Amino acid sequence: MNLNQVTISSTDVAKATEFYKTLGLHLIVDALPRYVRFECPDGEATFSIHEVTKMSESHNVTLYFENDDLDKKVTELQAKGINFTSMPEDKSWNWREAHLNDLDGNKLILFKAGEDRKNPPWRI
């Protein structure tokens, strides 16, 4: 199987659309105000947002977006007004990560893992 898409909820899909366009995703379906879908600039996965009247109390979704030049991407996004909860940092699992939240509180991690994403030294 191959991952097709991930869908998240938003109370304001129009604002969320602008946020994710700022991150660099490409809008391919515009059914505002209730639904949008994006293509990721790299790879085959798509990402969509659907409208809800209220966000769930549990935020169990974390979105990971990989970028080969993470530090440069973070600097570019900060210049566009995107705020990060943690700046790029090397992790013990061989990834470099920066953390942020979207406008609805969904957790996002921008990262660079390279070969270690699917083939870490501890892979079984």
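Glu89 is found in strand S6, where strands (E, at least two residues) and helices (H or I, at least four residues) are DSSP runs numbered from the N terminus. At 39% relative accessibility, Glu89 counts as partly exposed; buried means under 20% relative accessible area, exposed over 50%, and partly exposed in between, with a 1.4 Å probe and protein chains only. Glu89 and Thr62 are separated by 27 residues in sequence and by 17 Å in space, C-alpha to C-alpha.

The model is predicted: local features need pLDDT of at least 70, side-chain atom pairs count only at pLDDT 80 or more, and totals for chains, interfaces and linings use all residues. Residues are numbered from 1 along each chain as its sequence is written, and side-chain values use heavy atoms, with hydrogens and water left out.

**The sheet that contains S6**

Strand S6 belongs to an open sheet of four strands in the order S5-S8-S7-S6, with mixed pairing; two strands pair if DSSP finds at least two bridges between them. Strands S5 (62-66) and S6 (86-90) are at the edges with a single partner strand each, so one side of each has no neighbour in the sheet. From one strand to the next, the twist averages 20°, with axes taken as lines fitted to C-alpha atoms and angles running from 0 to 180 degrees between N-to-C directions.

S6 and S7 (residues 96-101) run antiparallel and are joined by three bridges. Ser86 stands opposite His99 in S7, and Asp90 stands opposite Arg96 in S7. The two strands form a hairpin with five residues between them. Within the loop between S6 and S7 lies Asn94, whose phi is near 75°, a positive value in a residue other than glycine. Asn94 is partly exposed, with a relative accessible area of 36%.

Asp102 is placed in the loop between S7 and strand S8 (107-112). Asp102 is buried yet has no salt bridge, and the nearest side chain of opposite charge, Lys15, is 12 Å away; Lys and Arg count as positive and Asp and Glu as negative, while His and the chain ends are not counted. The side chain of Asp102 does reach the backbone nitrogen of Asp104 at 2.9 Å and the backbone nitrogen of Asn106 at 2.9 Å.

Ala31 stands opposite Tyr35 in S3. The loop between S2 and S3 holds Pro33, which is joined to Leu32 by a cis peptide bond with omega of about 10°.

In helix H1 (residues 13-23), the residues Val13, Ala16, Thr17, Phe19, Tyr20 and Leu23 are buried. They lie on the same side of H1 because they cover an arc of only 165° around the axis, the arc being that of the directions from the helix axis to the C-beta atoms. Just after H1, Gly24 takes a positive phi of about 115°.

**Salt bridges**

A search of the whole structure finds five salt bridges, each defined as a side-chain nitrogen of Lys or Arg within 4 Å of a carboxyl oxygen of Asp or Glu.

| Pair | N to O distance |
|---|---|
| Lys21 and Glu18 | 3.5 Å |
| Arg117 and Glu66 | 3.3 Å |
| Lys91 and Glu89 | 3.1 Å |

Arg117 counts as partly exposed at 44% relative accessibility, and Glu66 is partly exposed with a relative accessible area of 30%. By contrast, Lys21 and Glu18 are three residues apart in helix H1, which means that about one helical turn separates them. Lys21 is partly exposed, with a relative accessible area of 38%, as is Glu18, with 44%. Lys91, the partner of Glu89, is partly exposed with a relative accessible area of 22%.

Asp71, Asp90 and Arg96 are linked in a network of salt bridges.

Note on methods: Polar contact = N/O pair within 3.5 Å; in protein donor to acceptor, adjacent residues only side chain to side chain.
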